[in-house]
Amino acid sequence: MPNAIELIVDGYVRLNNRRALDDLRMQRRKLAVDLKARTDFDVRATVQQIEEDIIVIEAGLARLDEAATS
């Protein structure tokens with residue numbers, strides 16, 4: 001079963017909404033940087049999940065690139 005980020009990315013890809021995917025990726029990157037700067041909590045699991053989300057988002061962007069060139 002796909003997780004939430006996969007469903008969101010799939011929807012944006014179907015709508016051909018590159019800007020939304022770029023914004024989502026930037027938001028996730030900023031969140032990862034902010035969390036990595038924390039020293040008072042163990043946020044490794046959360047950062048790992050965010051990095052996995054970024055991989056899914058980038059795969060969606062690659063799908064848009066493939067569709068644009070074909």
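In this predicted model, the buried residues of helix H2 pack against H1 and H3. These buried positions are Ala20, Leu21, Leu24, Arg25, Arg28, Ala32 and Leu35. Because they cover an arc of only 135° around the axis, they fall on the same side of H2. An α-helix has 3.6 residues a turn, so residues three or four places apart point the same way. The other side of H2 carries the exposed residues Arg19, Met26, Lys30 and Val33. The length of H2 was also examined: at 1.5 Å a residue, its 19 residues should span 27 Å, and the end C-alpha atoms are 27 Å apart, so the two values agree.

The largest nonpolar core comprises eight residues, namely Ile5, Val9, Val13, Leu21, Leu24, Ile57, Leu61 and Leu64. At least two residues of this core come from each of the helices H1 (4-14), H2 (18-36) and H3 (44-69). Another core, of six residues, lies apart from the largest one; Ala32, Val47, Ile50 and Ile54 are among its members.

Arg25, a residue of helix H2, is one of the buried residues of that helix. When residues up to four places away in sequence are left out, Arg25 touches Ile54, Ile57, Glu58 and Leu61. Of these, Ile57 and Leu61 belong to the largest nonpolar core, whereas Ile54 is part of the other core. The side chain of Arg25 is also joined to that of Asp22 by a polar contact of 3.1 Å.

Key
Residues numbered from 1 in each chain as written. Predicted model: local features only at pLDDT ≥ 70, side-chain atom pairs only at ≥ 80, totals over all residues. Heavy atoms only, no water. Core = buried A, V, L, I, M, F, W, Y, C linked by side-chain atoms within 4.5 Å. Buried < 20%, exposed > 50% of the residue type's maximum accessible area, 1.4 Å probe, protein only. Helix = DSSP H or I, 4+ residues; strand = E, 2+ residues; numbered from the N terminus. Expected span 1.5 Å × (residues − 1). Arc of directions from axis to C-beta. Contact = heavy atoms within 4.5 Å. Polar contact = N/O pair within 3.5 Å; in protein donor to acceptor, adjacent residues only side chain to side chain.
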